[in-house]
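Please keep the sequence and the coordinates at hand while reading.

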Amino acid sequence: MANLAYMCKSLNRYEEAEKYYKIAIEHGSAAAMNNLASMYQDLNRYDDAEKYFKMAIDKNLDVALDNIALMYKSLEKYDKAEKYFKMSIEKGISRSMNNLGYMYYLLKKYKNAEKYLKMAVEKGY
């Protein structure tokens with residue numbers, strides 16, 4: 001189901017993709033929650049994206065922590081982004097170390113940027 005939804009999304013058939021993601025979600029797919037959230041983010045439907053990212057987080061899909069943080073960063077909601085990047089880092093996601101470090105760099109918080117970027121490098125990211 002989720003693969004069918006992904007195919008529809010990649011073909012810009014968003015209504016169909018949404019339908020199939022929601023069916024997969026009804027069957028408990030955390031990945032479908034995350035992917036639907038990402039589609040909503042691409043469509044600038046940020047409230048919907050936030051809702052489904054949080055649903056995926058509640059199902060312990062750790063990558064959704066980084067994804068929601070990236071969305072908040074893109075919306076310049078840096079406090080929320082920082083919160084979710086740090087939650088993701090606590091789960092051991094090295095991509096979040098890199099993303100948080102880069103966000104700090106953009107914000108000219110160079111000491112923090114260096115700390116998290118080095119942490120990512122040490123984890124092989």
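Leaving aside its neighbours within four places in sequence, with which residues is K9 in contact? With contact taken as heavy atoms within 4.5 Å, the partners of K9 are Y14, A17, Y21, M39 and D42. K9 itself lies in helix α1 (residues 2-10); helices (H or I, at least four residues) are DSSP runs, numbered from the N terminus. K9 has a relative accessible area of 18% and is therefore buried, a term that means under 20%, while exposed means over 50% and partly exposed in between (1.4 Å probe, protein chains only).

The model is predicted: local features need pLDDT of at least 70, side-chain atom pairs count only at pLDDT 80 or more, and totals for chains, interfaces and linings use all residues. Residues are numbered from 1 along each chain as its sequence is written, and side-chain values use heavy atoms, with hydrogens and water left out.

H27 is found in the loop between α2 (14-26) and α3 (30-42). Because its relative accessibility is 66%, H27 counts as exposed. From H27 to M1 the C-alpha to C-alpha distance is 9.7 Å, at a separation of 26 residues in sequence.

Five aromatic pairs are found in a search of the whole structure. One of them is tilted, because the ring centres of Y72 and Y84 are 5.8 Å apart and the planes stand at 40°. This pair links distant parts of the chain, Y72 in helix α5 (residues 63-74) and Y84 in helix α6 (residues 78-90), 12 residues apart. Rings of Phe, Tyr and Trp (its six-membered ring) pair if their centres lie within 6.5 Å; planes under 30 degrees apart count as stacked, over 60 as edge-to-face and the rest as tilted. Y72 is buried at 2% relative accessible area, and Y84 is buried at 9%. Elsewhere, ring pairs join Y102, Y105 and Y110 into a cluster.

Technical notes. Helices (H or I, at least four residues) and strands (E, at least two) are DSSP runs, numbered from the N terminus.
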